[in-house]
Amino acid sequence: MLPTPSTSHVNYNRVYEPAEDSYLLLDTLSASSETTFLHARFPPITSSPLVLEVGTGSGVVLAFLAANAQRIFGRSDVATIGTDVNDFACKATRDTVNLAITESDDDHASLFCGTINGDLASALKPQIIDVLVFNPPYVPTESLPNGTNHHDFADRDDFASDEAFERDSHLLALSYAGGIDGIETTNRLLEQLPEALSERGVAYILLCAQNRPEAVKERIRSWPAGWSAVTVGSSGKQAGWERLSILRIWRP
Amino acid sequence: MKLLTLNFLTCARKTCKSTAAAFPLHPKEAELEQVEMDMNPLFITNMLPRLEWEAMKTLTTELGLPNLPAEPPSAEELADESGEPTQTLKDLHTLLMETSIASGKLVCGNCEHEYAVKEGIANFLLPSHMV
């Protein structure tokens, strides 16, 4: 068992608190089936892989990958980077990852490039991401929170207390509200995936049962250029249904 | 943000992404800071093939940093005969890993949009009329 990174410095009033979904990602990405896959996918003689987590929240998942690169990817010459629409999450992630790297064994940690306050992978050059991890807002809601006025919700000092409360509620809504079927934001990422990933790229995306993972996998398999999608982790069996599952998406 | 990060970033606007002018983003009014970091020679060596050398040269010139060589160094130029890191590798480590933009702006060469950098974090969120 690899240690879970500490996030005790994070203010959970406005940044998503690590929960069952976060821990499922840690367990899945460090399971021998996935580390074996990743070691073979990124052999040490190849150029350094770039690992991106989209929507890092507290940073617990990115910190885990960054601090345990040697065990998970079979090499420590890995570049890690995170994005989040929430400015506070970006700062929390920066601190969580730096702390986890400091506390990790020598020569096991990746090189952390930092966090970017941005939407999904929009700030990254096309076709350079080797490993993309996404724990999306997946809870079905009538609509998505307004996603185009983020600058109104940034880390500013000039909020009155009621405005700050509204701001914090908005930021938390962004972390869980997934719109119709809980999959609107995930669909936006999936649309960008073929352009975002490198030739050897692989994505890990978490879904809940209401997102209808079987239909999502079928859709990905119908993309041009031979994409695969398989369930590589799951938890919370309810009446024969997995509540949460993690898809691995790649071109074999 | 480490200068290495600029090797991976481009303008977030869909219409800019595919244009050559959107990469690299151009630092403006940048406050730099040096943050010491342990050197990982293997990382520099294996990152070298994916460095956009011309873009890195542009950045160092624009930031007033020592100029990079005209051509990227070969793998042999990064370690001496006994396998120790050369000055070339140490210089790359200093430039890419230890030099950070603490604050300032990153400007798209295509649409001229300015992305603010504060406390080392760049803000790539676009106002609704630009998405």
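**Pocket lining, helix packing and backbone details**

User: How do the residues of the lining of the second largest pocket divide by class?

Analyst: There are 14 nonpolar, 11 polar and 8 charged residues in that lining. Please note that this is a predicted model.

User: And what volume does the second largest pocket have?

Analyst: Its volume is about 850 Å³. The lining comprises 33 residues, and those closest to the centre of the pocket are A:Asn98, A:Ile101, A:Ser110, A:Leu111 and B:Met37.

User: Which elements give two or more residues to the lining?

Analyst: In chain A they are helix H5 (87-103) and strand S3 (111-117), and in chain B strand S2 (99-107).

User: Which one gives the most?

Analyst: S3(A) does, with 5 residues in the lining of the second largest pocket.

User: Let us turn to H5(A). At what angle do the axes of H3(A) and H5(A) cross?

Analyst: The axis of helix H3 (residues 60-67) of chain A crosses that of H5(A) at roughly 30°, and the two come within 8 Å. Angles under 35 degrees count as roughly parallel, so H3(A) is roughly parallel to H5(A). The crossing of H3(A) past H5(A) is right-handed.

User: Which residues make the contact?

Analyst: H3(A) contributes A:Val60, A:Leu62, A:Ala63, A:Ala66 and A:Ala67, while H5(A) contributes A:Thr93, A:Thr96, A:Val97, A:Ala100 and A:Ile101. By class, 8 of the residues in this contact are nonpolar and 2 are polar, with no charged residues.

User: How is H1(A) placed against H3(A), parallel or antiparallel?

Analyst: The axes of helix H1 (residues 20-30) of chain A and H3(A) come within 9 Å and cross at roughly 20°. H1(A) is therefore roughly parallel to H3(A). This crossing is right-handed.

User: Which residues meet there?

Analyst: On the H1(A) side they are A:Ser22, A:Leu25, A:Leu26, A:Leu29 and A:Ser30, and on the H3(A) side A:Val60, A:Val61, A:Phe64 and A:Leu65. The contact has 7 nonpolar and 2 polar residues, and no charged ones.

User: What about H1(A) and H2(A), at what angle do they pack?

Analyst: H1(A) packs against helix H2 (residues 32-41) of chain A at about 60°, and the axes are 4 Å apart. The two helices are therefore oblique to each other. A:Thr28, A:Leu29 and A:Ser30 of H1(A) make the contact with A:Ser32, A:Glu34 and A:Thr35 of H2(A). By class, this contact has 1 nonpolar, 4 polar and 1 charged residues.

User: New topic: which peptide bond is cis?

Analyst: The bond from B:Phe23 to B:Pro24 is cis, with omega near -5°. B:Pro24 lies in the loop between helix H1 (14-17) and strand S1 (26-34) of chain B.

User: And where is A:Asp181 found?

Analyst: A:Asp181 is in the chain A loop between helix H6 (161-176) and helix H7 (184-196). Its phi is positive, about 60°, although A:Asp181 is not a glycine. Most residues other than glycine have a negative phi, and most peptide bonds are trans.

User: Finally, how many helices and strands are there in chain B?

Analyst: Chain B has 4 helices and 4 strands. Along the sequence they follow the pattern α-β-α-α-α-β-β-β. The C-alpha trace of chain B spans about 55 × 30 × 20 Å along its principal axes.

Key: Residues numbered from 1 in each chain as written. Chains lettered and ligands numbered in written order. Predicted model: local features only at pLDDT ≥ 70, side-chain atom pairs only at ≥ 80, totals over all residues. Heavy atoms only, no water. 1 Å grid on protein atoms, 1.4 Å probe; cavity = no way out; pocket = protein on both sides within 12 Å on 5 of 7 lines; lining within 4 Å. Points joined across faces, edges and corners; volume = space filled by probe spheres on them. Nonpolar A, V, L, I, M, F, W, Y, C, P; charged D, E, K, R; others polar. Axes fitted to C-alpha atoms, helices over the stretch in contact; angles between N-to-C directions. Parallel < 35°, antiparallel > 145°, perpendicular 65-115°, else oblique. Left-handed = near helix turned anticlockwise from the far one by under 90°. Contact = heavy atoms within 4.5 Å.
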